[in-house]
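This briefing covers strand pairing and aromatic contacts in one protein model. Please keep the sequence and the structure open while reading.

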Amino acid sequence: MMKNYFKGRHSQQDIILVAVGYYFRFNLSYRDVVEILRDRGITVHHTTIMRWVHHYGPIFQVLWRRHKHSASQSWRVDETYIKVKGQWCYLYRAIDNQGLTLDFELRKHRDYQSAYHFLKRLFTTDGRPNCLVTDQYGGTLKAIKQVIKDGLLEKANHQCSKYRNNLIEQDHRFIKRHRVRSAGFQTIRTAAKTLAGVEVVHAIRKETRRNGSFFGFSVTAEGYVRIIGVNSK
């Protein structure tokens, strides 16, 4: 039986899915979502939407990880900058050569420990790639050497290529563009929760586009299927 993730909420699940779905999918602020809902006769305070975003972002991530898979064994790993309360943090990301998201993790530092932690979890959950492309950053290269020693990756399967990593560099743009309207993250905890939802919706949208869905992508419909466990009406 699918767990009821909306139990105890004062608003209907349809309203919550539309609010968080629009926020995760589009470059909107909380007040922008409030205005969209108001035009539909629904009054919700922007802090309520913020609480929904922080609550459902990690839930989206957990449910997505249960069902995600990649048919490709050629992967790209890189990190991008995210500002949290005036300080730069680093979002480690991995995609395959078809552009589909494999995993992501927000870390405070860009160093060996962060890269190793991300790579170890990636290989443990998704297996070994036949080709792993990274940049030439020292911390990442040191982490690669360690996962090779751990037996999680073959040395011959790792490549350093600035140009072959352009695919994931371009994929960073959606995450960076999504934060333009935001007032900024105040803690790394809330940043991680919000980015979890943004990344998952972005990942599902890419899957839908690759599969050539006749009806296109709908974040609300996907929310019904993955959160509630039924098709939307």
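In this predicted model, W88 has a relative accessibility of 44% and therefore counts as partly exposed. The ring of W88 meets that of Y81 with the centres 5.9 Å apart and the planes at 75°, so the two form an edge-to-face pair. Y81, at 38% relative accessibility, is likewise partly exposed.

**Strand β1 and its partners**
- Strand β1 spans residues 74-84, and because 9 of its 11 residues are buried, the rest of the structure largely encloses it.
- An antiparallel pairing with strand β2 (residues 87-96) runs over 10 bridges.
- β1 and β2 make a hairpin with 2 residues between them, and K85 in the turn has a positive phi of about 50°.
- With strand β4 (residues 131-134), β1 pairs in the parallel sense over 3 bridges.
- W75 has D96 as its bridge partner in β2 and stands opposite L132 in β4.

**Aromatic pairs**
- The count of aromatic pairs comes to 11.
- One of them is the stacked pair of F6 and Y56, at 5.3 Å centre to centre with 25° between the planes.
- F6 sits in the segment before α1 (13-25) and Y56 in helix α3 (residues 46-67), so this pair ties together parts 50 residues apart in sequence.
- F6 and Y56 are both buried.
- Y23, F24, Y30 and F60 are linked into a cluster by ring pairs.

**Charges over rings**
- R110 lies over the face of Y137, 3.7 Å from the ring centre.
- K142 lies over the face of Y112, 4.7 Å from the ring centre.

Notes
Residues numbered from 1 in each chain as written. Predicted model: local features only at pLDDT ≥ 70, side-chain atom pairs only at ≥ 80, totals over all residues. Heavy atoms only, no water. Buried < 20%, exposed > 50% of the residue type's maximum accessible area, 1.4 Å probe, protein only. Helix = DSSP H or I, 4+ residues; strand = E, 2+ residues; numbered from the N terminus. Pairing = 2+ DSSP bridges. Phe/Tyr/Trp six-rings, centres within 6.5 Å; stacked < 30°, edge-to-face > 60°. Lys NZ or Arg CZ within 6 Å of the ring centre and 35° of its normal.
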